[in-house]
Amino acid sequence: MTNVVVIGTQWGDEGKGKIVDWLSERADVVVRFQGGANAGHTLVIDGVTYKLSLLPSGIVRPGKLAVIGNGVVIDPWALAEEIRTLTEQGVTINRDNLRIAENATLILPLHRELDGLREQLAGKGKIGTTGRGIGPAYEDKVGRRAIRVSDLANPDTLPMKIERLLAHHNPLRKGLGVEEIDGRALFDALMDVAPVLLPFMDSVWSLLDAQKRAGKRILFEGAQGTFLDIDHGTYPFVTSSNTVASQAATGSGVGPSTLEYVLGIAKAYTTRVGSGPFPTELDDEIGRRIGERGREFGTVTGRARRCGWFDAVLVRQAIKVSGVTGIALTKLDVLDGFDELKVCVAYELDGERIDRLPAGQGAQARVKPVYETLPGWKESTYGARSWNDLPAQAVKYVRHIEELIECPVALLSTSPEREDTILMKDPFED
C-alpha cells in the first residue's frame, strides 16, 4: 500500500474533486495541506452534489478521517458555514472524522477586507484574487503575527497576539482610509467562533505519524494547480501558497518519504480563472464551445474560466517540478465532435523555440504556442469505462499526450460521475 499526493498540473480546476473522491474510497485518511476557502471541489455522489472549499473530500465518505493540515489558512466563519451546509445534506461531522492542525493560521475579517481593498486599488494591475483573504493571511503567517487555531484555546494570551497583529494592520488601514480595527471586538468575535474549531483541534503531525505506523492509506489533497504556485507559477498572478507536491509534507507535518505516489491531474484541454498569461487561450468560438461543453465556471467564484488547447509544455514542466508519477486526464468527453484538435508542443519566444515556460512576467506574456494538429473524433467518449469504449482517435490522442508530457496516464475521466473512470494504474497499489 502507498500514500498518494494529488496535485493540479495546470492552473487549477482540473477536476481534482472527482478524482480525489474516487481515490478517497480507497483511502483511510484524506489531508488538505495548503490553500484555503479560495479552492473549491464539486463532488457528485449518488446524484447529490457537494461543494467543498476547506473541508477535505473524504468528509463526505463514512469511515474516513478528514484532516486540515497546518499549511491551510482557515476562515472559521467559512468553515462553520460549510459544516452547517453539509450537515443539512446529511453528512455527520465530529471529532471521529475531522481534525484540524493546532498550528494552522486563521483568516480574519480584516484579511478579507484588505484583499478586496488591494484589488480595488490595483486597477489594471489586478491579480484576480478570489477576495477570500488568503494572501493577507499568509503574509501575517510569514510576518510572525498571525492568529493560529491553538490561540483560541488560550484566551489569556490572545489579546497580546491581537495587539501585535493590529500594530501592523491598523496603520495600514489608516493609510488606506478605512476604519481601524477594535482589538476587543476582534477578541469577542474570535471567542464566539472558537467552538467551531476547538473540538477538532489536534497535533496533526503526530496524528498522521500514528496513522502511517498503523498502515493506514493517506491521501494528500492539493488545491489549485502548479502554475498558481507562489514560487513556480506565473508570478505575480498566483496564489499565496506552494501548490506543488512537496508542500504535502511541509503543510501536514510528515516527512518527504511519506509521499510515495504523486498523481497529477490535467484536463484534456487547458483552462484558467482570473488574470495572467495563458499561451494557448482561445478567444474565439472554439474556446467558447469548450467552455460551454465543459461547464467551465469556478466552484467558489462562479467566474467563467478562460479556455484553450492542451499545453503539453506546461504539464510536462509541472510533472518535473512535482515529481509526478502518473497523470489523471479529465474531461476527455468535452473534446468529442471536433474535426481536429491542437496540442501545444513548444513555445516561441522572441523568434526562438523553447521547451519551458520562462519565469519572467514579460517573457511569459510574450510566448507564443507552437502547435501540432491531430485528427478529432465524432463518436462519443462520454461515460466510457474501458479503453474498448473509446474511439480509436481518442486513444491516439491520449497516447500522444503521454509521449509529449513524458508521463503515463494512470486514470482517464470521461464524465463528472465518479464511476465513469478508466483505470490503468491504481495509485494506492505498489
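Visitor: What lies over the face of W22?

Guide: That's R26, at 3.6 Å from the ring centre. Keep in mind that this is a predicted model.

Visitor: And which ring does the charged end of R289 sit over?

Guide: The ring of F338, with the charged end of R289 4.0 Å from its centre.

Visitor: Staying with rings, how many aromatic pairs are there?

Guide: The count comes to 4. There is also an aromatic cluster, formed by W11, F227 and F278.

Visitor: OK, on to helix α9. Which of its residues are buried?

Guide: α9 covers residues 285-293, and G287, I290 and G291 are the buried ones. They sit on the same side of α9, because the arc they cover around the axis is only 95°.

Visitor: What do those buried residues pack against?

Guide: Against β13, residues 306-308. On the other side of α9 you'll find E285 and E292, both exposed.

Visitor: What caps the N-terminal end?

Guide: D284 does, with a side-chain oxygen 3.1 Å from the backbone nitrogen of I286. Just after α9, R295 has a positive phi of about 50°.

Visitor: New topic: where is G351?

Guide: In the loop between β16 (340-349) and β17 (352-354).

Visitor: Buried or exposed, and why?

Guide: G351 counts as exposed because its relative accessibility is 62%, and the cut-off for exposed is over 50%.

Visitor: How far apart are G351 and L404?

Guide: In sequence, 53 residues; in space, 22 Å from C-alpha to C-alpha.

Terms used. Residues numbered from 1 in each chain as written. Predicted model: local features only at pLDDT ≥ 70, side-chain atom pairs only at ≥ 80, totals over all residues. Heavy atoms only, no water. Buried < 20%, exposed > 50% of the residue type's maximum accessible area, 1.4 Å probe, protein only. Helix = DSSP H or I, 4+ residues; strand = E, 2+ residues; numbered from the N terminus. Arc of directions from axis to C-beta. Contact = heavy atoms within 4.5 Å. Polar contact = N/O pair within 3.5 Å; in protein donor to acceptor, adjacent residues only side chain to side chain. Phe/Tyr/Trp six-rings, centres within 6.5 Å; stacked < 30°, edge-to-face > 60°. Lys NZ or Arg CZ within 6 Å of the ring centre and 35° of its normal.
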